[in-house]
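Q: Could we go through a protein model together, one feature at a time, so that I learn how to read each of them?

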Amino acid sequence: MNLVTEMDMANKFEKLLNGKDGIREFPYFNAVFRELNCKQGIPDFIAISGEDTEIFQENMYESQITSLDSSSLIISLLKPKAPRTLQYIISKTGLSNITVKKVIKDLTIRELISETDKGSFILNKKWEFPKVEIWAFELKLKDWKRALFQCLQSKAFANRVMMVMPEDKENIILKNIETFRNHQIGIMLFNAENFSYKILVKPSKINPASKSHNIYAMGKIATEINSIK
């Protein structure tokens, strides 16, 4: 029996994700990226699905500003109709006065946010959240507990999270399957030698735990998409 390394497994799984037929139980993925830094963790794979992928090429995502930690923090606090003062933004983000003013200036120039007559700030009408889902995949040959920890980190920014392990780990996974269900994390067994797979738990759709992490991840994905156009 051939020994499969984590690199082998990842390479084969990438082919499965990008294959013409993909994974029949999952939607079509508009883009798949490997080891993309999403501020809280670096999943083995990030994939996006949805009809609004083209929005990544428009206005607020065409620059890298939304993939900056300070920008994503500030944007996450703003709303279209509820003005936030400069002091409110500083206190909630923990950023310095100088940093907040600089980022607000950049966001205003790009027309992502607007200043009201009273000197507070709101999201500009130009701002729009793409209607897409971020999927995060964690692959492990043996250490399912480590994979679970990494999956929990991915819930900060992702809409669906999936753990992938070899098929010979089915028994130990089944013994702990309620843990994954309780955390709304999907589980797939994957055979890297013949590309077969078995889904034990489908990943639930969740709201990312952190709005700023989600915006940051969107910015990272946008940067990657636009770099290959």
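Predicted model: local features only at pLDDT ≥ 70, side-chain atom pairs only at ≥ 80, totals over all residues.

Q: Where is Ser 72 placed, and which backbone atom lies 3.0 Å from a polar atom of its side chain?

A: Ser 72 belongs to helix α3, which comprises residues 69-77, and a polar atom of the Ser 72 side chain lies 3.0 Å from the backbone oxygen of Asp 69.

Q: How should I read the burial pattern of a helix, for instance which residues of α1 are buried?

A: The general idea is that an α-helix has 3.6 residues a turn, so residues three or four places apart point the same way. In helix α1, the buried residues are Met 9, Ala 10, Phe 13, Leu 16 and Leu 17. Seen down the axis of α1, these buried residues fall within an arc of 120°, so they line one face of the helix. Met 7 and Lys 15, on the other side of α1, are exposed, while the elements that cover the buried residues include β1 (31-34), β2 (45-50), β5 (132-139), β6, β7 and β8.

Q: What span should the 13 residues of α1 have at 1.5 Å a residue?

A: Helix α1 (residues 6-18) should span 18 Å, and because its end C-alpha atoms are 18 Å apart, the model agrees with that expectation. Asp 8, which also lies in α1, is partly exposed, with a relative accessible area of 35%. Asp 8 and Ala 192 are 184 residues apart in sequence, yet 7.3 Å apart in space, C-alpha to C-alpha.

Q: Which residues of helix α4 are buried, and which are exposed on the other side?

A: In α4 (residues 86-93), the buried residues are Ile 89, Ile 90 and Thr 93. They cover an arc of only 100° around the axis, and therefore sit on the same side of α4. On the other side, Gln 87, Ser 91 and Lys 92 are exposed. The cover over the buried residues of α4 includes α3, α5 (97-109) and β4 (121-123), and just after the helix Gly 94 takes a positive phi of about 80°.

Q: In what sense do β6 and β7 pair, and how does β7 run relative to β8?

A: Strands β6 and β7 are parallel and pair over 5 bridges, with Val 164 standing opposite Met 188 in β7. Strand β8 (residues 196-201) runs antiparallel to β7, to which 5 bridges join it, and here Phe 190 stands opposite Tyr 197 in β8. The two strands β7 and β8 form a hairpin with 4 residues between them, and Phe 195 in the turn has a positive phi of about 65°.

Q: Which residues have the most contacts inside the largest nonpolar core?

A: As a general idea, nonpolar side chains in soluble globular proteins tend to be buried together. The largest nonpolar core here has 30 residues, and Ile 134 and Met 163 have the most contacts inside it. Apart from that core lies another, of 22 residues, among them Ala 10, Leu 17, Phe 137 and Met 188. The residues that Met 163 touches include Trp 144, Leu 148, Phe 180, Ile 185 and Met 188.

Q: Is Asn 159 buried or exposed, and what lies 2.8 Å from a polar atom of its side chain?

A: Asn 159 is buried, with a relative accessible area of 9%, and is placed in the loop between α6 (144-154) and β6 (160-166). The backbone nitrogen of Ile 134 lies 2.8 Å from a polar atom of the Asn 159 side chain. Among the residues that Asn 159 touches are Val 132, Glu 133, Ser 204 and Pro 208.

Conventions
Residues numbered from 1 in each chain as written. Heavy atoms only, no water. Buried < 20%, exposed > 50% of the residue type's maximum accessible area, 1.4 Å probe, protein only. Polar contact = N/O pair within 3.5 Å; in protein donor to acceptor, adjacent residues only side chain to side chain. Contact = heavy atoms within 4.5 Å. Core = buried A, V, L, I, M, F, W, Y, C linked by side-chain atoms within 4.5 Å. Pairing = 2+ DSSP bridges. Expected span 1.5 Å × (residues − 1). Arc of directions from axis to C-beta.
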